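Okay, thanks for coming, everyone. Let me put the model up and we'll go through a few charged pairs.

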Amino acid sequence: MFYTVDEILNNTSGYIFYKSPNFDPSVNYYISGIENYMQLYENTIFIPIKCSINYVLTDSFVMIENYIKRGIRAIFFDEIRFADKVYYTKLMSIIEKYKDKLDLVIMVADTMEAIYNLANYTRMVKLPKSIKYIAVTGSVGKTATTEMLYSVLSQKFKVYRGTPGVNIKIRIAHKFFETDPDIDFLLFECSGMGKGYLKYFSELLMPDYAIITKIAQHCLGIYRTIENVAAEKITLLSAMSSDSLAILNSEYLKNIASDYPCHKKFIDDGSYELLTSDTNGSKFIYNNETYFIPLVGQHQIDNAVKVIELSKVLGLNTDEINSGFLHYQSIGNRWVAESFSGGIDFVLDNPNNPYDAILANIKTFISLYKDKYKKIIITKLNELGNLDRTIYLSLAKFLVDLNFQELICIGEEIKLIADYVSEHTNIKVIHFKRPEKLDENDAFVKYLLSDLDYEQAILFKGVSHDEDIVYSDLKSILERYLKKVD
């Protein structure tokens, strides 16, 4: 999507702070944002913003220089930061250093507000009215549900969903700048990691359709109770009209959805008949039709049922839906299962899962590998606030009732899990300090590699982003020592 400078200024309340003597007012510009997510066209205005992306704090001036070297021609900046002497000095230095490369610096009062307003203008004016908007949120399964929906709807329609698994505020707005107008659906995965996020998303997107997946104990450091989580998630419906439709998980949402005028269809967990479930996926019957999803875990069927419901409303038949499910591709380290020589199975399962999903996935692991010696590796969880000890103790009590042979805990944060399970069961329990780097020199890795001379199944369970542990490194290490079995 390209914009004239006047369009940008008029719809961001911005002004030109710096203009090159060679600036050509007839040039149209493409708008880009967070590094590595978007293609750079020849004439690109970059949106620098210092923010946390997947728990990594990104420095805006480092990004500005990187982007200038890659060919951007202009940048946004905001008066909030420009008023700070440090930011003023850095910006003026950038302009002086790269004045031969920059066409413009556009100053706005507040970057996030400016981007929201420009995205709203794009939705209302530049994109065709025929495009339908779909928003997906929930505590558990929003990424998997979004990707299933994308795979299924793409069988019949032109769907844009952008970079998968990216669902923060600024990236939601960016999708409007990226998309091709010649599409049928814009699909959004919407994070609820901050209060007010989902109302913001609703007012920007005005969804024609929405899915809210299972509500679970997630971000309790922010919301305190699961009821508060539900009350936040339901605000995704705030700007939906009486002609729109929301597919909602029944639990926690049914009693609080009446204030919203959209049509609603509530789905109970387990509203299907399970036929088979193994390491290849799950086959099930829903509304007298048979489906197969190449995803492990019965909780994923609950996500698939919501996709089926919306897909049927949008005119897809069962064959098209099943074909779409087969095109599903997992995002991130979500249940990456591999088999190695010697009968060793390794499952890497490290999305940013809430507590409830962790329990479900551990149960799934034990069910799928019930005939093997099972090792469960656990690292810390995120976003627990001052409830960490309560949640960890609850997880420990959950583990003592399960049928597995060995528990490996990594990090001082979860030593209480190791102590509790060791005290209350005969399960072999080992605790390691957090590694400085996950490689062959780490004590935990050495232990794991020394114990691979018999059939076993290993589950590595943690959060999606950890400052010390890159989970895929462990899989790479195993691949160096063991032969992968196709």
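So, arginine 161 is buried, at 17% relative accessible area, where buried means under 20%, exposed over 50% and partly exposed in between, with a 1.4 Å probe and protein chains only. Arginine 161 sits in the loop between strand S10 (159–160) and helix H7 (169–178), and glutamate 147 in helix H6 (142–153), so the bridge ties together parts 14 residues apart in sequence. Helices here are DSSP runs of H or I with at least four residues, strands are E runs of at least two, and both are numbered from the N terminus.

Quick word on the source: this is a predicted model, so local features need pLDDT of at least 70 and side-chain atom pairs 80 or more, while totals for chains, interfaces and linings use all residues. Numbering starts from 1 along each chain as its sequence is written, and side-chain values use heavy atoms, with hydrogens and water left out.

Now, how far apart in the chain are glutamate 7 and lysine 126? They're 119 residues apart, in helix H1 and helix H5, and they form a salt bridge with the closest N and O atoms 3.2 Å apart. Glutamate 7 is buried at 16%; lysine 126 is partly exposed at 23%.

Lysine 158 and aspartate 182 pair at 2.8 Å, N to O. Lysine 158 is partly exposed at 43%, and aspartate 182 is partly exposed at 48%.

Over the whole structure, the search finds 19 salt bridges. Glu338, Lys475, Glu479 and Lys484 are linked in a network of them.

Terms used:
A salt bridge is a side-chain nitrogen of Lys or Arg within 4 Å of a carboxyl oxygen of Asp or Glu.
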